[in-house]
Amino acid sequence: MAKAFKYGLKGITGYLEPAERELLRSLIDDVISMLQPEDRTGQDPLAALVGLDMDVAEPSDRAVKRLLPNVMKDDGAGSLEFRQLTERSLRETKIGALRAAALDLDKDEIVLTPEGAKHWSMALNDVRLVLAERLDIRDEEDAEHVHLMQDWSQAEDVESYLALVYNFATWLQESLVQAMLQSLETRR
């Protein structure tokens, strides 16, 4: 059974069983595949090098849109321009954090540096955003309904299974954030 992240002499540590690590690895791989930018042949190499993507469009998948939201709610043109200038590098940053977290899943005990903790925090947040979108969590009431699902033996369908996975990722992220805060307080 997983042990929450905690801050101690070795830094931030956590423990995951092999099945829990495989579950997280699978979720991380799914999110990475969602974030992979399209291969565009004929793209200007200089534009690609500096991270510009003038052919980018608002994602049609709601989960991807939640990962890469419009920055201006009432300004579609402004959001598109911002997306053209930043989305490629944002995708690469998110994928990098997800891959870094996945590398830590090779061992039962996870020992994180401050940079590793940052990557894990970003990765767990993105996994949770995708799960929240798939569970149609829109407000506190929806979140409370999902939170009620706590027993794996009661998982009867895809939604209840996703709710359990969402709750697991939430618990793991909360323990990580608490450990990161404790780490910061100790350094002061």
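## Aromatic pairs

Three aromatic pairs are found when the whole structure is searched. The structure is a predicted model. In one of these pairs, the ring centres of Phe5 and Trp120 lie 5.6 Å apart and the ring planes stand at 70 degrees, so the arrangement is edge-to-face; the cut-off for that class is an angle over 60 degrees.

Phe5 has a relative accessibility of 5% and counts as buried. Trp120, at 1% relative accessibility, likewise counts as buried, the limit for this class being under 20%.

## The sheet

Strand S1 belongs to an open sheet of three strands, arranged in the order S1-S2-S3 with antiparallel pairing. Strands S1 (3-8) and S3 (109-112) each have a single partner strand and stand at the edges, so one side of each lacks a neighbour in the sheet. On average, neighbouring strands are turned by 20 degrees against each other, direction ignored.

Strand S2 (residues 11-15) and S3 run antiparallel and are joined by four bridges. Thr13 has Val111 in S3 as its bridge partner.

## Helices on the sheet

Helix H5 (residues 114-134) packs on the sheet and touches S1, S2 and S3. The direction of helix H5 makes about 115 degrees with that of S3. Helix H7 (residues 158-187) also lies across S1, S2 and S3, and runs at about 5 degrees to S1.

## A charge over a ring

Lys3 is placed over the face of Tyr15, at 5.4 Å from the ring centre.

Definitions and conventions:
Residues are numbered from 1 along each chain as its sequence is written. This is a predicted model: local features need pLDDT of at least 70, side-chain atom pairs count only at pLDDT 80 or more; totals for chains, interfaces and linings use all residues. Side-chain values use heavy atoms; hydrogens and water are left out. Two strands pair if DSSP finds at least two bridges between them. Helices (H or I, at least four residues) and strands (E, at least two) are DSSP runs, numbered from the N terminus. Axes are lines fitted to C-alpha atoms, for helices over the stretch in contact, and angles run from 0 to 180 degrees between N-to-C directions. Contact means heavy atoms within 4.5 Å. Rings of Phe, Tyr and Trp (its six-membered ring) pair if their centres lie within 6.5 Å; planes under 30 degrees apart count as stacked, over 60 as edge-to-face and the rest as tilted. Buried means under 20% relative accessible area, exposed over 50%, partly exposed in between (1.4 Å probe, protein chains only). A charge sits over a ring if NZ of Lys or CZ of Arg is within 6 Å of the ring centre and within 35 degrees of the ring normal.
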